[in-house]
Amino acid sequence: QLLTESILLAVTGGALGLLLGKWGTKAALAAMPMEMPRASEVHMDASVLAFTMIASLVVGVAFGLAPALKLSAGNLIGSLRNTGRTFAGGRLPLQRAFVMVEMATALVLLIGAGLMIRSLISLWRVDPGFDPHRVLSLNVTLPPAMRTASPAAIRAAFADLQQQVNSIPGIEASSFTWGATPLGYDDEALFWIQGHPKPSTENEMNWTLKYVVSPNYLKVMHVPLLRGRFISEQDTDRSLHVAVVDEEFARKFFPKEDPLGKRLNLSENNSVEIVGVVGHVNQWGLDTDSKENLRAEMYLSLTQLPDAAMDQVASGVGVLVRSKTDAPNLFASIRDHLNHFDGNVIVYSPQTMDETIAATLAARRFAMLLLSIFAALAVLLASIGVYGVLSYLVGQRTQEIGVRMSLGAQRADVLGLILRDGARFTLVGIGLGLLAALALTRLMSSMLFGISASDPLTYLSVSTLLCAVAFLACYVPAHRAMNVNPVVALRHE
């Protein structure tokens with residue numbers, strides 16, 4: 001009978017687990033931050049069903065056989081009379097061990113989730129070098145006929161398009177971009193400083209990230225201007241070609257001199273003069289930008305691009321738009337306005353800069369979500385384990401409680417007795433969990449930012465939380481024990 005009950009419970013649990021697994025797998029695949037190869041082929045099949053059923057049967061037999069054998073070999077009269085007399089710590093050693101392991105596992109998962117949460121909070125506080133709020137990025141392609149037009153005609157078409165975008169109600173400023181975009185695409189340029197010997201090969205040249213933008217770029221992105229000026233409307237293809245560099249560029253290539261007025265050679269026939277220095281933008285991510293070797297940034301004027309590059313620009317450029325207020329339908333307004341201006345203009349791929357930043361943290365959020373779910377399940381199981389063991393002990397010791405209360409024990413004494421018994425294996429489990437967490441969380445050090453794998457605040461807060469949950473699980477059977485009527489309890493003797 002005990003085996004039948006145990007196997008029935010285990011198989012029922014396995015069936016529920018299959019159902020939860022099916023839902024959880026779909027949810028996890030939908031929430032993944034990146035495309036997983038052959039993700040469409042992930043599904044429940046006969047092998048999963050067979051494994052679950054076999055595992056359920058093994059668990060049902062194993063955990064049903066042990067108490068059945070113990071009961072069949074024991075004193076049946078004593079078992080029926082339920083004559084246990086003490087709360088000694090040696091009772092139920094296997095059950096206590098399981099609860100301790102559950103507490104330790106729950107603590108490890110909770111600490112992992114806590115570290116990931118604190119890392120994400122630290123990352124959200126990182127200054128990316130620009131203000132992403134109310135900034136929308138999109139792409140625009142000129143009509144196909146413009147790809148064979150003259151460079152002058154392409155420049156004029158973009159000037160008209162810029163005026164059209166700026167005339168849309170609710171837009172504060174806009175800028176075209178080509179090449180690198182913050183936390184998005186990257187584009188590099190080779191150069192050498194004028195007055196220095198020309199490197200013999202490209203491998204010996206200096207590298208920089210290249211942003212090709214319009215004059216309003218700083219107004220859109222709120223990148224701070226530190227020295228000099230930014231690109232202006234007067235910087236045309238017929239004027240002196242200029243460049244603006246960031247503070248990282250200035251620190252690396254002009255460590256002891258002012259970069260303003262210095263000239264850079266980008267190619268044999270193209271040189272630019274540095275007219276300003278701006279703040280650094282995190283191109284490679286909020287957490288990894290400082291670790292990259294290529295961090296120097298240069299800004300060039302879209303209008304001053306060489307004629308040979310204008311046909312590529314006509315094939316598509318990015319547009320950054322800052323709105324005056326939060327405008328959820330801004331993309332639709334821009335698309336409709338530009339299509340009304342020229343039906344052959346293609347407007348596509350909208351994304352806010354807030355979404356761009358969020359996308360760079362998607363993998364961390366996904367890991368935090370999984371850890372949090374597993375930690376919550378582990379805490380639930382540990383709480384059920386604590387509650388179950390103590391409830392069983394209270395039921396086994398009903399007579400002893402009656403004897404103690406008949407001899408003068410107070411309800412508070414009984415409550416403290418049960419709570420102390422639960423606190424023993426709870427604290428042991430938490431101690432084991434802390435040791436395991438110190439060893440295992442080091443494996444996730446590469447996923448952390450601004451916090452160490454052994455952060456004491458996280459360990460302390462998570463341990464306190466788990467102790468509170470365990471206390472609640474202990475209190476329910478303890479409260480029932482202190483309300484035992486001694487007359488009724490002794491009557492069962």
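**Burial and backbone features in a predicted model**

Leu183 counts as buried because its relative accessibility is 11%, where buried means under 20% relative accessible area, exposed over 50% and partly exposed in between (1.4 Å probe, protein chains only). The structure is a predicted model, in which local features need pLDDT of at least 70, side-chain atom pairs count only at pLDDT 80 or more, and totals for chains, interfaces and linings use all residues. Residues are numbered from 1 along each chain as its sequence is written, and side-chain values use heavy atoms, with hydrogens and water left out.

Leu183 is located in the loop between strand 2 (171–179) and strand 3 (188–193). Helices (H or I, at least four residues) and strands (E, at least two) are DSSP runs, numbered from the N terminus. Although Leu183 is not a glycine, its phi is positive, at about 60°. A positive phi of about 60° is also found at His222, again not a glycine. His222 belongs to the loop between helix 6 (217–221) and strand 5 (225–228). With a relative accessible area of 38%, His222 is partly exposed.

Ser56 is placed in helix 2 (residues 46–73), and Thr52 lies in helix 2 as well. Ser56 counts as buried because its relative accessibility is 6%; Thr52, at 14%, is also buried. A polar atom of the Ser56 side chain lies 2.8 Å from the backbone oxygen of Thr52. Contact means heavy atoms within 4.5 Å. When neighbours within four places in sequence are left aside, Ser56 is in contact with Ala10, Val11 and Gly14. With residues up to four places away not counted, Thr52 touches Gly14 and Leu18. Between Ser56 and Leu138, the C-alpha to C-alpha distance is 53 Å, at a sequence separation of 82 residues.

For the protein as a whole, 15 helices and 11 strands are assigned. Of its 493 residues, 41% are buried. The radius of gyration is 34 Å, whereas a compact globule of 493 residues would have a value near 23 Å; the radius is taken over C-alpha atoms, and the globule rule is 2.2 Å times the number of residues to the power 0.38. Along the principal axes, the C-alpha atoms fill a box of roughly 105 × 50 × 45 Å. Among contacts with a separation of 6 or more, 80% are between residues 24 or more positions apart.

Terms used. Polar contact = N/O pair within 3.5 Å; in protein donor to acceptor, adjacent residues only side chain to side chain.
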